[in-house]
Every structure is written in C-alpha cells, then in structure tokens.
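Me: I would like to go through this model with you, one question at a time.

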Amino acid sequence: MSAQLLVFFILAALSVIGALSLIFQKHPIHSALSLIVVMVALAGLYLLMGAEFVAAVQIIVYGGAIMVLFVFVIMLLNAGLEEHTSISKMAGFPGILLALALTGFVAATVARSAGLFVQVAGDNGKIPGTLSSTRELSNMIFRNFAYPFELTSILILIAILGAIVLAHREN
Amino acid sequence: MVPTTYYIALSAVLFGLGVLAFIFKRNIITIFMSIELMLNAVNLAFVAFSQRTGKLDGQIFVLFVIIVAAAEAAVGLGIIILIARNRQSLNVERVDLLKL
Amino acid sequence: MIDFLSAHAEIIITLIKIVLLLFIVLTVNAYLTWFERKVVAHMQSRWGPHRVGPHGLLQPLADGAKFLLKEDPTPAGVDKFVYFLAPLLALGLALTSIAVIPFGPDPIRVLGHQVYLYIANPSIGLLVLFAITALGVYGVALAGWSSNSKYPLLGSLRSSAQMISYELALTLSVVGVLLMANSFNLTEIINAQSHPAWGVGILGWNIFSGPFPQILGFFCFFIAAIAETNRVPFDLAEAESELVAGFHTEYSSFKFAMFFIAEYTSMITVSCLCSILFFGGWLSPFPQSWTFTYYLPSLLLIPSGLWVIWDGIRYETIWGRLILPGIGTVIALLGLALALPQLQFVNVFIQGPFWLLGKILVFLFVYVWMRGTLPRFRYDQLMAFGWKLLLPVSIANVVLTAFFVLLRSNP
C-alpha cells in the first residue's frame, strides 16, 4: 500500500468517525467538535489532492469562522443536552424510506461511475501542480469568474444586513 | 495515487451521514450543522473531480460553496437566536407555528 | 543501522529539528516571563523577581517546578473531555505555528546533508499560519465553556467574539504584502524585500519600500495580532478585575501553564511574523557594501559580557558574585571568538538569524512595553475599534497597494 493510500484511509476513517460522532453525540458542543474533526480531515484530503489553497480556505473559513460562530451561538444560548421528542410520528417512516432511496441512488451512481474513471485513467489528466495551483486559481477567479465573484460579495453584504436585522432587539 | 472513485465513495458516505443527522437530530443547531456536513461532502467530490480532470473549475466552485455557506451560517444562526429567544427552546418540534 | 540512518536522513533530521526547536521555544518562553516581569517592574519603579538566583534568573525554573508540583483539582460538573482538550489544543496549535517560520537564509551542511533553518516551508506558508491562528479560538472558547462556571464562560464569549472580529483585519492587513511579494511563501516574501533603493537595506523593507509603503498595513497587523493573542490592551478575556481570571479561572497547575505557554508562544510567532512580513526578516538594515556590520554580533556581545562581569563583581549575594562573572566571561569570549578570522564562516552564517532575532526581541519588548503602559479597552470600545477603524483602514490599504502595484507594472 502506498503512503498516499495509507494517508487517505486514515483521513477518511477520521472523517467518517467524526460524522458518526456528530449523529451520536447528545450535546451540541460535542457535535460541533465532531464536525470540526470532519472538516480538518477533509482539508487534509484536499492537501493530498494538491488543492492547497482550498485546504487552507477550508480550515480558515469553515474551521475558523463558521464553526466558531456555531460554538459561539451554542455557548450564547447555553444549549443543553438534546431532548428526545417524537411529536411528529408520521415523519419517521417516510424519512427512513427516503434516506434509503437516496443511499441506493447515490451508491448506484458511484458504482456506475467507477467504470468511467478506470477508462479515463489512461489519458494525460494533468494534476494541478502544487506550486502554481494557487496562482492559476487566482487568475481564474479574477479573470474568468470575476462576475460571479463580485456577486458573492453582494450576497455576503445582504447576509450581514439580514443577520443584523434578525438579531436586532427592538426596544 | 488514490483512485478518484475512493474520494467519490467517501463523499457519498459523508453526504448520507449528513442526511441521517438531518433526519434524526432534534436540536436546530445540530440540524444546521448536518447541512454543513452535506456541503462539505459535496465539496470533496468537486475537488476530486477537479483533480481527475486536471481543471481548476471544481476548486473554484468549492470556494463559492464555502462563501455561500458562510453567508448562510450568518443568516441561519441569526434565525436560530431569534427562535431560541421567542420559544425558549432549541427543539425543532417545539417550533410548530407559522409565526414567531 | 548506518543504512537505516542514511535512508531516512530527511525524517531524522526533521525530528531532531523539531525537538531542538521545541526546547528553544520553551526555554525562550520561560525567560520571556522573567523578561516581562523585570521590564514591567522597572517601569513601575519596582525590582521584580530578585530572590531566586542572581537577578531572579532562576525564577522561571522555580515557576516551572511550582506548575508541575501543584495540586491539579478538576472542578465538579465540568465536561471532562473538553476540559482536558482545551489546553492541549491551545498549546499544540501555538507550538505548531512556529514550524513554518524560517529563521535564516542559508542551510547548514551537516554530514553531507543540507539542513535548512525551518521545519516546513510550504508554498502557502502564510495561509498555514492563518489557518492555525483561526483554529486557536477553540482553545479559549472551549476552556471557558467546559469549566461550568460563569466567569470563564463570560471571558470565553468575549474572547471568541473578539478573535473572530480581529481576524478579518489581521488577514486583510497582510494582503498588501502579498501583492508586493507575489507569493504566500515566507522565504519568498523576505527575498522580495532584498532589492532596496540605493542599496540601503532598510529601504527595501516592506514598511518603507515602494510601490506603497506598508505602514498602515503594519499598524493594522500589529494591533490585530495583539488582539488575537489576547494581550494588553485587548486582554478582556482574562480581565482580572472583572472576570477573576477569565477563561482559565478553573484551571490550575500544569493545565494553566499550558495556556500560559500558548499565549507566550503566540507572542513569539506574532513577533516573527511582524519582522518577516514588514521588516525584512533576516535582512540587515545597512547598505550591502558595509562589511563592518558583520562584526556587530561581536560588538554587541563583548560589551554586554563585560557589563555582566562588572555587575557580577558588585552583586550582593555570594552566589551572584560567583555565577554572574562566569556568565559574563562566556558571553564576552563568544563575542571574541566570532571576531576571529578563523571563525568567519560562522560569523557570516549567523548574520541572518542575528538580525531576525534582534527584530523579534524588539517586538517582544513592545509587547511588554504596552502591557506596562496601556489600560484595558472597554468591550464596546474594543468592538468599535476593530470594526469601525481597523477593518476600513486595512481595506483601504489593500486598495491603495493594489493601485500602486498596478501602476508600477504597467505605467
């Protein structure tokens, strides 16, 4: 087994364990910590694939800003242990059915696409270089994708205004 | 080199776990976190495809997803704070009225 | 055995470097506490520590022993796992960030291997540092939450809000430097500053050199970095007069020491970053043609050695009179040795680290100086300062720098 494959399996196991722990932990803070583990493991996988900049952004924005916001809100609202209710009894059965259907669909797609990748594996698929990838990425963002990039800044502005309006206490 | 299929399979598993968490959890914040988990799973697939095809479009899409997730988190957590203030509960099943 | 060693030379060298760096950083940390106490004491017309060893020089050892031997009670009702995780996280992340700092330009040749003065040199070095800083919030936030006590919770709420707010200004303030260096790599950022106008080294540093001097960027960066490290005047997280001790109220003994070491290590990292990003890292401030500046380390070491000897002879305790002249002699001899023509290669090699360490020391002194001088911000003042002043100024700095860089590249 090559070193890359070993690293992949370690990180993959870490992320799956984190995701399972997100489900089984009772306290929101523990769930948030599990999610952070998943995110850091995914950042490691991005590094493995040579996507350095995405890995760094993943940790800085997801790990350092979004999840901190979650932890902050959990601490602010003093959220306790999750209480178990089953008021909507109807939802359980169709929910599981839908989840199974989705799992089957995704598994079928992945299984079908597996053949596709083996076939294409022979071509000269260029792997994004480790040194130039950040520079190429910035070139693409500010040249080819400049318009959507500017749109996201408007989106963020609207989100900030929305958050302020929502959380503002009128008195 | 790790086969792309492995990454896609991992991405599918993580997405499925995100869906499960979304269905089974009762706390609004945790439900919100499971959405983030699903977004992360999708991002992994994007980066894997980007690596497979040798094009950077996939990575750029991931960056956009992360930006949108940040905006979504800001608004979503604002809504959660409002709900918690008005309902005194974070359980989704206690939020069963159309008005706050 | 020999085969194994030569086959894995890279890994073994890296491991040795990690152990060495950890030892150095922890020792520097210990003496940084001594330095801080001494300097603050003198600013307040006191003597500072002077009982344990001559001039209190053994005080850090005594403190370390105290931290290790103290009873370590776990308060009732804490979340055990998170309570133990938080200090580990804080210390681990703080120590990891030192790994990407380059301390000198040239590699040493040891047994045929090139040994560079850094542990890792990733092409996105600066982003790695910011990623580690971004995760650093969790140490503080989780410590406060898991303690199951009201003051720590308040302290950590304050501090996580503060750290998220100032991270924006921190990241935006270095964009100007990145635009001028065209790289995220710390070594390349320093090398980009090595082409000064008229050959005068100091004019090549980012803070003075064109197209747009990064003075605004530097002040934004330094202020935001002080806020990120939770130091005075931004130490609201541990404001002792209102929150007992803030987020680490419930921690004692070695777990408290871990937070303490983490804070001092991040001070060192910030000082390194300030010198690398804005003050030319290991580059000398003098014109490159001045060769006599190569004797500056000796010129500095010999007088300070002689001063320590002179001070030691007059010291009041017998131990001081025995030990201090000894230390002074060693320092003076070191300075003399560096001036010898036979040891010129050593002298040339230490020029880079000498300047970098000098700059780091200056910034550490500024940290202590601020602690001795400035009062603490009020919480609303802190937030207003970050969002209404620091953030707009750093954005303006980005826009102006981008404009001037563009102007230079196609006039």
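Me: In which helix of chain A is the place of A:Gly18?
Reply: This is a predicted model, and within it chain A has a helix covering residues 3-24. A:Gly18 has its place in that helix, which is α1.

Me: Is A:Gly18 buried or exposed, and why?
Reply: A residue counts as buried when 20 or more other C-beta atoms lie within 10 Å of its own. Because A:Gly18 has 23 C-beta neighbours inside 10 Å, A:Gly18 counts as buried.

Me: Which residues does A:Gly18 touch, not counting residues up to four places away in sequence?
Reply: Contact here rests on C-beta atoms that lie within 7 Å of each other. With residues up to four places away in sequence left out, the residues that A:Gly18 touches are A:Ser34, A:Leu35, A:Val37, A:Val38 and A:Ala41.

Me: Which helix supplies the largest share of the side of chain B that touches chain A?
Reply: In this pairing, 62 residues of chain B are in contact with 70 residues of chain A. On the chain B side, α1 (4-24), α2 (28-53) and α3 (57-87) each supply at least two residues. The largest share amounts to 21 residues, and the helix it comes from is α3(B).

Me: How many residues of the side of chain C that touches chain A are nonpolar?
Reply: Chain C has 19 residues in contact with 17 residues of chain A, and α5 (125-135), α6 (137-146) and α7 (150-173) of chain C each supply at least two residues of that side. By class, this side of chain C has 1 charged and 2 polar residues, while its nonpolar residues number 16.

How values were computed
Residues are numbered from 1 along each chain as its sequence is written. Chains are lettered from A and ligands numbered from 1 in the order in which they are written. This is a predicted model: local features need pLDDT of at least 70, side-chain atom pairs count only at pLDDT 80 or more; totals for chains, interfaces and linings use all residues. Two residues are in contact if their C-beta atoms, placed from the backbone, lie within 7 Å. Helices (H or I, at least four residues) and strands (E, at least two) are DSSP runs, numbered from the N terminus. Ala, Val, Leu, Ile, Met, Phe, Trp, Tyr, Cys and Pro count as nonpolar, Asp, Glu, Lys and Arg as charged, and the others, Gly among them, as polar. A residue is buried if 20 or more other C-beta atoms lie within 10 Å of its own, exposed if 12 or fewer, and partly exposed in between; C-beta atoms are placed from the backbone.
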